[in-house]
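Please consider the sequence and the model shown here. The paragraphs that follow go through the helices and then the aromatic rings.

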Amino acid sequence: MKNKTYRNFMRVWNTLQKVHGYEKEEARKLAHLVFENVEDDKGYGNRTAEQFLAMILPAEEFYAQY
C-alpha cells in the first residue's frame, strides 16, 4: 500500500487492532503515523505501509518494554 485511501487506512487500522493488539484509538493514531511515514519516505526508500506496519511492536511487547 503506497497511498492513504479509506480502504488502505482501514486495513492498517484493523491489523493494528486484531494482530498487534492495540486499543481502537491508539491503533487509529498509529495507522495515521504509518501513512505519514509512507508519504515522507517517497523518493528515498519507497517503503510501503506494510513495511512500516511490520516495524510496529505488538502491544504486549511494547507495554512490557515501556
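Which residues are exposed on the other side of H1? They are Tyr 6, Arg 7 and Lys 18, where exposed means over 50% relative accessible area, buried under 20% and partly exposed in between, with a 1.4 Å probe and protein chains only. The model is a predicted one, in which local features need pLDDT of at least 70 and side-chain atom pairs count only at pLDDT 80 or more, while totals for chains, interfaces and linings use all residues. Residues are numbered from 1 along each chain as its sequence is written, and side-chain values use heavy atoms, with hydrogens and water left out.

Helices are DSSP runs of H or I with at least four residues, numbered from the N terminus. Buried in H1 are Asn 8, Phe 9, Val 12, Trp 13 and Leu 16. Seen down the axis of H1, these buried residues fall within an arc of 130°, so they line one face of the helix; the arc is that of the directions from the helix axis to the C-beta atoms. The buried residues of H1 pack against H2 and H3, contact being taken as heavy atoms within 4.5 Å.

Helix H2 covers residues 24-41, and its 18 residues reach 26 Å from first C-alpha to last, close to the expected 26 Å. Its buried residues are Ala 27, Leu 30, Ala 31, Val 34, Phe 35, Val 38 and Asp 41. They lie on the same side of H2 because they cover an arc of only 140° around the axis. Helix H1 (6-18) and helix H3 (49-54) are among the elements that cover them. Just after H2, Gly 43 adopts a positive phi of about 90°.

The structure also holds three aromatic pairs. Rings of Phe, Tyr and Trp (its six-membered ring) pair if their centres lie within 6.5 Å; planes under 30 degrees apart count as stacked, over 60 as edge-to-face and the rest as tilted. Phe 62 and Tyr 63 form an edge-to-face pair, because their ring centres are 5.5 Å apart and their planes stand at 70°. The rings of Phe 62 and Tyr 66 have centres 5.1 Å apart and planes at 40°, so this pair is tilted. Ring pairs link Phe 62, Tyr 63 and Tyr 66 into a cluster.

Methods. Helices (H or I, at least four residues) and strands (E, at least two) are DSSP runs, numbered from the N terminus. The expected span of a helix is 1.5 Å times one less than its number of residues.
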